[in-house]
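Open the model in your viewer and keep the sequence panel beside it. Each stop below gives a selection and then what is there.

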Amino acid sequence: MNPEVQELASLMRQLAHMAGEILIDGRPDAARSASVETSTKTSPTDIVTERDLASEKAIVQALAQARPGDGIVGEEGSNIESTTGYTWIIDPLDGTINYLYGSPQWAVSIAVADEAGTVAGIVYAPLAGYEYWAVRGEGAYRIDRDGEVRLPQVEDVDLAHALFATGFGYRSDRRAQQIRVMSAVLPQIRDIRRKGSAALDLCMAASGMVNGYFERGAHPWDYAAGALVAREAGCVVSGLRDNAESATMVVCAPPRLHAQIKELLESLDADLGD
Ligand code: LIP
């Protein structure tokens, strides 16, 4: 790994751990009558907590010190143009609803990209007890209570035996369209899992906890880091109709399964409409 990339990866992990502590310290817990202030974004159910904001603020301040001139794109509004060729893509809390409800299925997702794409990425789920990270061309890794392992290349399966993670939008018109697609997909696959964090969904696909993931409406900060982890573990990540992954559609699976689910989603116009 070249020294600059090594430094970026090391900083990325420090930032994720710092943000994870902020989120752990301020997390809501009904049993301990701990709560957090919230506000809404695109719909009454699209929540942002004061912890999302505190996490992003801390990451941005640390980056300004450590990497002046790097660009930053953050879910909660940070948007700084790069003058160095590197841009940080930050979801300070992915799985906000899970966090709000006291579930451990949330993560800090941080990626750093150059003009060729994501160079390094980390998905850190401190309460769930695992961390996924990857560097382009250097493999994907999981750290949990048993230590650190390099993820083996994912196994390919046929559509009928595939377990998919997916997600749904916050707007009711978008959900109606997604349920129409899901009603056609579900009878043709093993089952779905709806975890509530795109970043963790992609890492589940990378580690074989699901066979694949697809979602319409995930943003670059949701998927940038997890997509690199998945690619480095042998998954294909794309959009539909020869497009790259985007908020229009993200599809992630081993090569043969990716081709099958992509064809099915294209036949259902899953990337069109609301
Ligand atoms: C979440 C995404 C997830 C999606 C949720 C939500 P957030 O991001 O990671 O894939 O299905 O609706 O958008 O809002 O928790 O950062």
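A polar contact here is a pair of N or O atoms within 3.5 Å. Keep that cut-off in mind for the first stop. Remember too that this is a predicted model.

**Stop 1: the ligand**

Select the ligand and its surroundings. How many residues surround the ligand? There are 15, and the closest are Asp-94, Gly-95, Thr-96, Ala-198 and Glu-215.

A backbone N or O atom of Ala-198 lies 2.8 Å from an oxygen atom of the ligand. Because the cut-off for a polar contact is 3.5 Å, this pair at 2.8 Å qualifies. Go to Gly-95 next. One of its polar backbone atoms is 2.7 Å from a ligand oxygen. Then pick Arg-194, where a polar side-chain atom sits 2.9 Å from an oxygen of the ligand.

**Stop 2: helix H5**

Select residues 198–206, which make up helix H5. Is this helix enclosed or open to the outside? All 9 of its 9 residues are buried, so H5 is largely enclosed by the rest of the structure.

Step on to Gly-208, which follows H5. Its phi is positive, near 80°.

**Stop 3: the sheet of 8 strands**

Colour by strand. Eight strands form an open sheet with mixed pairing, in the order S4-S3-S5-S6-S7-S8-S9-S10. Which strands stand at the edges? They are S4 (79–80) and S10 (147–150), and each pairs on one side only.

Zoom in on the S4 end. Strand S3 (residues 71–74) pairs with S4 in the antiparallel sense, over 2 bridges. Ile-72 stands opposite Ile-80 in S4.

H2 (residues 50–66) lies across S3, S5 (87–94) and S6 (107–114), and runs at about 155° to S5. H5 also packs on this sheet, where it touches S5, S6, S7 (117–125) and S8 (130–135). The direction of H5 makes about 100° with that of S7.

**Stop 4: the sheet of 5 strands**

Move to the other open sheet listed here. Its 5 strands run in the order S12-S11-S13-S15-S14, again with mixed pairing. S12 (191–193) and S14 (236–238) each have a single partner strand, so one side of each is left without a neighbour in the sheet. Neighbouring strands are turned by 20° against each other on average, direction ignored.

Walk across the strands from the S12 end:

- S11 (residues 163–166) and S12 are parallel, paired over 3 bridges. Ala-165 faces Arg-193 of S12.
- S11 and S13 are parallel too, with 3 bridges. Thr-166 stands opposite Phe-214 in S13.
- S13 and S15 run antiparallel and are joined by 3 bridges. Phe-214 has Val-251 as its bridge partner in S15.

Stay on S13. Both of its faces are covered. Gly-212 and Phe-214 on one side, and Tyr-213 and Glu-215 on the other, are all buried. Glu-215 is also among the residues closest to the ligand.

**Stop 5: salt bridges**

The whole structure holds 16 salt bridges. Here are some to select.

Take Glu-245 and Arg-231, which meet at 2.9 Å, N to O. Which parts of the chain does this pair link? Glu-245 is in the loop between S14 and S15, while Arg-231 is in helix H6 (residues 220–232), 14 residues apart. Glu-245 is buried at 17% relative accessibility, and Arg-231 is partly exposed at 36%.

Then select Asp-29 and Arg-32. Their closest N and O atoms are 2.5 Å apart. Asp-29 is buried, with a relative accessible area of 17%, whereas Arg-32 is exposed at 63%.

Asp-144 is partly exposed, at 24% relative accessibility.

End with Glu-4, Glu-7, Arg-67 and Asp-70 selected together. Salt bridges link these residues in a network.

Conventions. Residues numbered from 1 in each chain as written. Predicted model: local features only at pLDDT ≥ 70, side-chain atom pairs only at ≥ 80, totals over all residues. Heavy atoms only, no water. Pairing = 2+ DSSP bridges. Helix = DSSP H or I, 4+ residues; strand = E, 2+ residues; numbered from the N terminus. Axes fitted to C-alpha atoms, helices over the stretch in contact; angles between N-to-C directions. Salt bridge = Lys/Arg side-chain N within 4 Å of Asp/Glu carboxyl O. Buried < 20%, exposed > 50% of the residue type's maximum accessible area, 1.4 Å probe, protein only. Near = heavy atom within 4 Å. Polar contact = N/O pair within 3.5 Å; in protein donor to acceptor, adjacent residues only side chain to side chain. Contact = heavy atoms within 4.5 Å.
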